[in-house]
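Dear colleague,

Please find below the structure that I am handing over to you.

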Amino acid sequence: MSSADPKGRPRRLDLSLIAWLTVIWMLLWSGPTWGNLVSGVLVAVALCLVFPLPAVDLALRLRPLGIVRLAGYLVYDMVASSATVTRQALSGRRRPAAVIAVQLRCRTDLMIAATAVAVSCVPGGALVEVNGATATLYLHMSDADDRDAVRRTRRDVWRLEALVVRAFGTRDEIERVAVDPEPPSPARKDPRP
């Protein structure tokens, strides 16, 4: 079934959405009866016609080898990060904390969200905010006074982003994460004479 929307594009009725809305309708009206079923279908069709959902192109590609690599890295990173966080907690040393910004290379909402979820799954990677407009993740981290630790944290996020994109992204996104996001830092000068 289809009808036209105000811009002239045909509207499509999503049968799975109609079925789901009908089930919810029947649950709201105390159970499955023939009357609830018929009225639920009619209400669901009316809702779909009056309030159509926009077409969504997920641009999701499933790459089995990439998914296995991502899962393996996440398991490894969870174990290693748990050990690091435990060691830091037991040491008793106070570490200065800060929020750092990590600019991602991919700009699609799906890749930003997937990377943010992957980062938040790892102990010690406390995600504070996601800015979708600038593709920036804001992370809380300890050892903020150590520039190398900050640089490592950014590199870890970029590596995780690359793994997520290689598991689910398009060819353009894979090419985008192949580029190093940060130029190599100049060699540090020794302050001693």
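The residues lining the largest pocket divide into 11 nonpolar, 8 polar and 4 charged. Please bear in mind throughout that this is a predicted model.

I begin with that pocket. The volume of the largest pocket is about 640 Å³. Its lining is made up of 23 residues, and those closest to the centre are Ser81, Pro123, Gly124, Thr153 and Asp156. Two or more lining residues come from each of α3 (64–91), β5 (136–141) and α5 (147–168). Which of the elements gives the most to this lining? That element is α3, with 7 residues.

As for the chain as a whole, it holds 6 helices and 5 strands. Followed along the sequence, these elements come in the pattern β-β-α-α-α-β-α-β-β-α-α. The chain has 193 residues, of which 27% are buried. Taking the contacts between residues at least 6 apart in sequence, 67% join residues that are at least 24 apart.

I turn next to the sheet. An open sheet is formed by 3 strands in the order β3-β5-β4, and their pairing is antiparallel. Why is one side of β3 and of β4 left without a neighbour in the sheet? Both β3 (98–103) and β4 (126–131) stand at the edges and have a single partner strand each, so one side of each remains without a neighbour there. From one strand to the next, the twist averages 25 degrees.

Glu129 stands opposite Tyr138 in β5, while Val130 has Leu137 of β5 as its bridge partner. The hairpin of β4 and β5 has 4 residues between the strands, and in this hairpin Ala135 takes a positive phi near 55 degrees.

Finally, a helix is set against this sheet: α5 lies across β3 and β5, and runs at about 40 degrees to β3.

With kind regards

Definitions and conventions. Residues numbered from 1 in each chain as written. Predicted model: local features only at pLDDT ≥ 70, side-chain atom pairs only at ≥ 80, totals over all residues. Heavy atoms only, no water. 1 Å grid on protein atoms, 1.4 Å probe; cavity = no way out; pocket = protein on both sides within 12 Å on 5 of 7 lines; lining within 4 Å. Points joined across faces, edges and corners; volume = space filled by probe spheres on them. Nonpolar A, V, L, I, M, F, W, Y, C, P; charged D, E, K, R; others polar. Pairing = 2+ DSSP bridges. Axes fitted to C-alpha atoms, helices over the stretch in contact; angles between N-to-C directions. Contact = heavy atoms within 4.5 Å. Buried < 20%, exposed > 50% of the residue type's maximum accessible area, 1.4 Å probe, protein only.
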